[in-house]
Amino acid sequence: MKYEHLPRRASVAAVTVSALLTLTACGGDDTTEKTSAKAPAAVEIAGVSVKKDAAQHDALPAAVKDSGTVRVATDVPYAPFEMFVEEGKPELTGLDYDLGQAIGARLGVKFAFTPQKFDGIVPAIQAGKFDVAMSAMTDNKERQAVVDFVDYSVSGSGILVARGNPEKITTLDDLCGKKVAVQAATNQLDLLKGHQKACKKAGGGQIDIQTFPKDSDAQLALRAKKVVAQVLTKPAAGWTAKTADDGASFEVVDDPAATGGYNASPNGIAVSKKLPELTEGIQKALQSLIDDGTAAKIFDKYGVGSIAVKEATRNAAVD
């Protein structure tokens, strides 16, 4: 399951001339969100009515204003960032989708999402097929060579525990000497292995790491009290805590020293370098949504309020 591997989709294949020619000739996924050129006056997102800012709209690139549409690539499904409302149907939902609709409403244009395989997203932006990508993409320096980022979240690994947190776990150190579930072959497994030295130094005993082929198997072990916690990505932990048994089974440990998660890195909206005015417009629109509380409501809707940023930065890669 790709969700557990951090950084989130952090690697990117080298973009070659042949790859770009293939994209230009063949195109991408033809499942495109149907949109009209004219954006609505206001959009209801997470219980908030988001209205157009005329000044921000006027500063957009002429091509975007003329079309009324920003073409957005996204790799679906990848809960809670991007999901289908119903399996087999094209309608989308998720954190990225809702945030995109809010940004579009503030800018007075439509953010039209199209599913695209993740490893083809950046080449497709370079080829001019898309203007933007919203797909929980890690902002890193390699990608910054070909796209610009507006960063909207910071996420790493998180700790999921039973509802009520019976073992009173608050940090990674509290996992020392205890049985902990984790998906095999993930960065979360590496995180636990790397913390063994700290456990030894603290004299708390080694973490008894229990590996599972899927995160759902790890959660079964947590339900059965065979482990005291599961380590997975912070967004996955938040979404699982919110949705499993309508929120009755699990909760997320929020370590104040690692609010976005352990070894956290920024996730960004990738924008074509050919559209610097759009990058600036998205950054300003996002900041306005942060300032008025709309962004927080969207993140909270998906149980991941702790990964939201307070400032819409640009190209803030930590690698």
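The model is predicted: local features need pLDDT of at least 70, side-chain atom pairs count only at pLDDT 80 or more, and totals for chains, interfaces and linings use all residues. Residues are numbered from 1 along each chain as its sequence is written, and side-chain values use heavy atoms, with hydrogens and water left out.

Start with the whole protein. Its secondary structure comes to 12 helices and 14 strands. Helices (H or I, at least four residues) and strands (E, at least two) are DSSP runs, numbered from the N terminus. The protein has 319 residues, and 52% of them are buried. Buried means under 20% relative accessible area, exposed means over 50%, and partly exposed lies in between (1.4 Å probe, protein chains only). The accessible surface comes to about 14,200 Å². Carbon and sulfur atoms hold 53% of that surface. Such areas come from the Shrake-Rupley method with a 1.4 Å probe; for residues, only the protein chains shown count as cover.

Now look at contacts, meaning heavy atoms within 4.5 Å. Take those between residues at least 6 apart in sequence: 77% of them join residues at least 24 apart.

Next, go inside. A nonpolar core is a set of buried Ala, Val, Leu, Ile, Met, Phe, Trp, Tyr and Cys residues joined through side-chain atoms within 4.5 Å. The largest one has 45 residues. Ile-103, Phe-111, Val-132, Ile-269 and Ile-282 have the most contacts inside it. Helix α4 (residues 95-107) gives the most to this core, with seven residues. Pick out Val-132 and see what surrounds it. A second, separate core has 19 residues, among them Ile-159, Leu-189, Leu-192 and Ala-229.

Covalent links come next. The structure holds one disulfide (a pair of cysteine sulfur atoms within 2.5 Å). Cys-176 and Cys-199 form it, with their sulfur atoms 1.9 Å apart. The link is left-handed, with -75 degrees about the S-S bond. Cys-176 sits in the loop between β8 (147-162) and β9 (179-183), and Cys-199 sits in helix α8 (residues 196-202). The two are 23 residues apart. Both cysteines are buried.

Now turn to charge. Side chains of opposite charge can pair when their charged atoms come close. A salt bridge here is a side-chain nitrogen of Lys or Arg within 4 Å of a carboxyl oxygen of Asp or Glu. The count comes to nine salt bridges.

One of them joins Arg-71 and Asp-131, at 2.8 Å from N to O. Arg-71 lies in strand β3 (residues 69-74) and Asp-131 in the loop between α5 (121-126) and β7 (132-138), so the pair ties together parts 60 residues apart in sequence. Is Asp-131 buried or exposed? Asp-131 is buried, with a relative accessible area of 8%. Arg-71 is partly exposed, at 35%.

Another salt bridge joins Arg-106 and Asp-292, whose closest N and O atoms are 3.4 Å apart. Arg-106 lies in helix α4 and Asp-292 in the loop between α11 (276-291) and α12 (294-301), so this pair ties together parts 186 residues apart in sequence. Arg-106 is buried, with a relative accessible area of 10%. Asp-292 is partly exposed, at 42%.

In helix α7 (residues 187-194), the buried residues are Gln-188, Leu-189, Leu-191 and Leu-192. They cover an arc of only 155 degrees around the axis, which puts them on the same side of α7. The arc is that of the directions from the helix axis to the C-beta atoms. The face turned away from the buried side carries the exposed residues Lys-193 and Gly-194. The buried residues of α7 pack against β8, β9, α8, β10 (208-212), β11 (229-233) and β13 (262-272).

Which residues are buried in helix α9 (residues 215-223)? They are Asp-215, Ala-218, Gln-219, Ala-221 and Leu-222. Seen down the axis of α9, these fall within an arc of 155 degrees, so they line one face of the helix. They pack against β8, β9, β10, β11, α10 (234-243) and β12. Just after α9, Lys-225 takes a positive phi of about 65 degrees.
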